[in-house]
Structures are given as C-alpha cells and as structure tokens.
Amino acid sequence: MTTEGRDIVDQAIGWHLRQAGLSSAEWHDFVVWLEADAAHAAAYDRVALDDALLGDLPRPAATIVPVEPERFVPHRSRRWGWAVGGTAVAAGIVALVMPLAMAPGSAAYTIRTAPGEKRVVALADGTRIEMNGGTTLHLDRNDTRVATLDSGEAIFAVHHDDGKAFVLHSGNLAVQDVGTVFDVSRSGARLDVAVAEGAVSFQPGREAILVKAGNALVAHEDVGQVVLSKIAIDAVGGWRNGRLAFNATPLGDVAQAIRRVNGADLRFDPHLSAQTFTGMVQLTGDAAKDVPHIAALVGAGWRRDGERWVISPEHKAGN
C-alpha cells in the first residue's frame, strides 16, 4: 500500500471511530470527504465491514435514553447482518439510523391519512413531507426537526440546518437527516428507505452501512437483517404518480403498498402472500384494470368478492 493509501485508510478509521459523536456540521464535513474521492468511500466501506467482523468480541453496553412508554419500545441491542444487492456499499452520508429518543417538553400531534388519501405537510423549518395513504405520522409543534412514522409511507424533502439535524423515528430506529430527499415506508417489522438526493447511513449500534442516492435499504427489524439494492432515482416516491417499484417484496406487502395508493381492498391468497415480487407496477387508479394486470405479473388469477379483490393461484376471472 502506498503512503497515500495508508493516509486514506487512517482517515477512514478516524471518521469511523468518531461517528457516534459527530455534530451536524461534522456530518457535512464527512459527506464532503467521502464524495471527494472514490478511494475515500472504498476505504471507509472496508473499515466499517472489518469492524463488523469483530462482533464476537465483548462490546460495551449501549446507553439507553428514556422514552415515552406509551409510544416507544426501548432499544434492544442485536447483531445486524446485511446483504448487498450486487454492489459495494456506497459513499455519502446525510442521514443516520440510530436508537431513538424523544426530547422532553414535546407537544406531539398526529396526522393520519386513509388508504387512497394523499396529504402534503409543510413544516415551519422549510421541510416538506408528502404522505401516502394509510399513513400515521407524529409531529411536534415545539420541535419541527423531529417526526415519527408509525406505519405507511412518506417522502421527506428536508431543509438543511447546520445547527440541528432532522430526525425521523420508526420502531426502534431513526433516520437522522441534515438535508436530503428520501422516501420511508413502514410495514410491520420492515423499514424501507430509498434515497433520491444526498445519502443515508444505517447504523444500529457501531455497524455503519453507507448508502447514497440511487440506492435503497430494507431493514428487517425482527431478525436484525439489512439488505441493500439499487433503485432508479426517479422511482423514489413514485407512488405519487401511481408508479410502484418492488425489490424482493413479499406479495402481502405489495398489496399494502397498492392499498395505500388507491384505497383498493386487495388481498393475496395465503399461499401467495409470502412469495416475493421484483418489478415495477404502474397503477391507473381503476382496480378493475389494475388487479388483472397485477395478477398477470405474478402468474396468478383473480376474483372480486364484493369490495374486496383477491389474487390467488386459482385461475378465476371475475368482474
């Protein structure tokens, strides 16, 4: 290794060791360093992955921050694993997934959308949130830099503030942002994050995985697994135009995503609901057209039972 190469690795180690205590301004400096040279990103990825391999060694106990018991579950330490969908972990960081906490003195309020309903929320700090249908979002009148996604989906265009990062909580994780555009959806124990601008870093505990714009992350909180993949930037938040992208998504979750967009009561037969689907679906908003199309994509039949649409392995047609 050349002297320059050793210097880059030393810098990567330094950034990795400092991550837990970085301020918003330092996160910005970290982004600049990562994006200055592809060698910086490659070195940081190697350092982060090497650190993860040390997981069998004794680890210090995590600091637990008290949270509101009626809303949040205390963070549980776990070893996370990950799979990278054909590419190395990418560089750039303007968001951090970390154990959650709620600031004292909050004035929380809740916004809910019904399936098929869309809503735009403009926060006082300049952040814009577009909520998909079937979504529950908690905000705070005393702190516009914090939000909680209980379920559903929203796309966040976050206004940059050097003094304070924007934090989105979901389950026992949170996305800390310092100025970017990203889509987040929550379905049960599954958290999906797709980035259109800037980048995110998934870091439960010490294990950081960096993902930049054009990539997506799926976190299975129940089993402690993270999967990374590519996504077309114009597909991020595509639900706003009825365009849905899926990558190895269980058909049961596909049905939920479709219901959020158009309100259709779509169900997959239990024999199909656990099967996964990868591809793009363009919805017309007319279930009579969309359901047969989706059934054909998964090689199944469909039927209508009152207001409910059912896709099953049995090749039945209905109207």
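The model is a predicted one. Of the protein's 319 residues, 49% count as buried. The secondary structure consists of six helices and 20 strands. When contacts between residues at least 6 apart in sequence are taken, 56% of them join residues at least 24 apart.

### The sheet E17-E20-E19

Three strands form an open sheet in the order E17-E20-E19, and the pairing is mixed. E17 (265–268) and E19 (301–305) stand at the edges with a single partner strand each, so one side of each has no neighbour in the sheet. On average, neighbouring strands of this sheet are turned by 25 degrees against each other, direction ignored. E17 runs parallel to E20 (residues 308–312), and four bridges join the two. Phe268 has Ile311 in E20 as its bridge partner. Helix H6 (residues 287–297) packs on the sheet and touches E17, E19 and E20. The direction of H6 makes about 15 degrees with that of E20.

### The second largest pocket

The second largest pocket holds about 590 Å³ of space. It is lined by 34 residues, of which Asp192, Ile231, Ala245, Phe246 and Asn247 are the closest to its centre. Elements that each supply at least two residues of this lining include strand E10 (181–187), strand E18 (276–282) and helix H4 (251–262). Strands E11 (190–197), E14 (215–220), E15 (225–230) and E16 (243–250) also supply at least two each. The largest share, six residues, comes from E16.

### Strand E14 and its partners

Among the strands that contribute to this lining is E14. Five of the six residues of E14 are buried, which leaves the strand mostly covered. E14 pairs with E11 and is also joined to E15. The table lists these two pairings.

| Strand pair | Sense | Bridges |
|---|---|---|
| E11 and E14 | antiparallel | five bridges |
| E14 and E15 | antiparallel | six bridges |

Arg190 stands opposite His220 in E14, and Ala216 has Ser229 in E15 as its bridge partner. E14 and E15 form a hairpin with four residues between the strands. In this hairpin, Gly224 takes a positive phi near 65 degrees.

Terms used: Residues numbered from 1 in each chain as written. Predicted model: local features only at pLDDT ≥ 70, side-chain atom pairs only at ≥ 80, totals over all residues. Heavy atoms only, no water. Pairing = 2+ DSSP bridges. Axes fitted to C-alpha atoms, helices over the stretch in contact; angles between N-to-C directions. Contact = heavy atoms within 4.5 Å. Buried < 20%, exposed > 50% of the residue type's maximum accessible area, 1.4 Å probe, protein only. 1 Å grid on protein atoms, 1.4 Å probe; cavity = no way out; pocket = protein on both sides within 12 Å on 5 of 7 lines; lining within 4 Å. Points joined across faces, edges and corners; volume = space filled by probe spheres on them.
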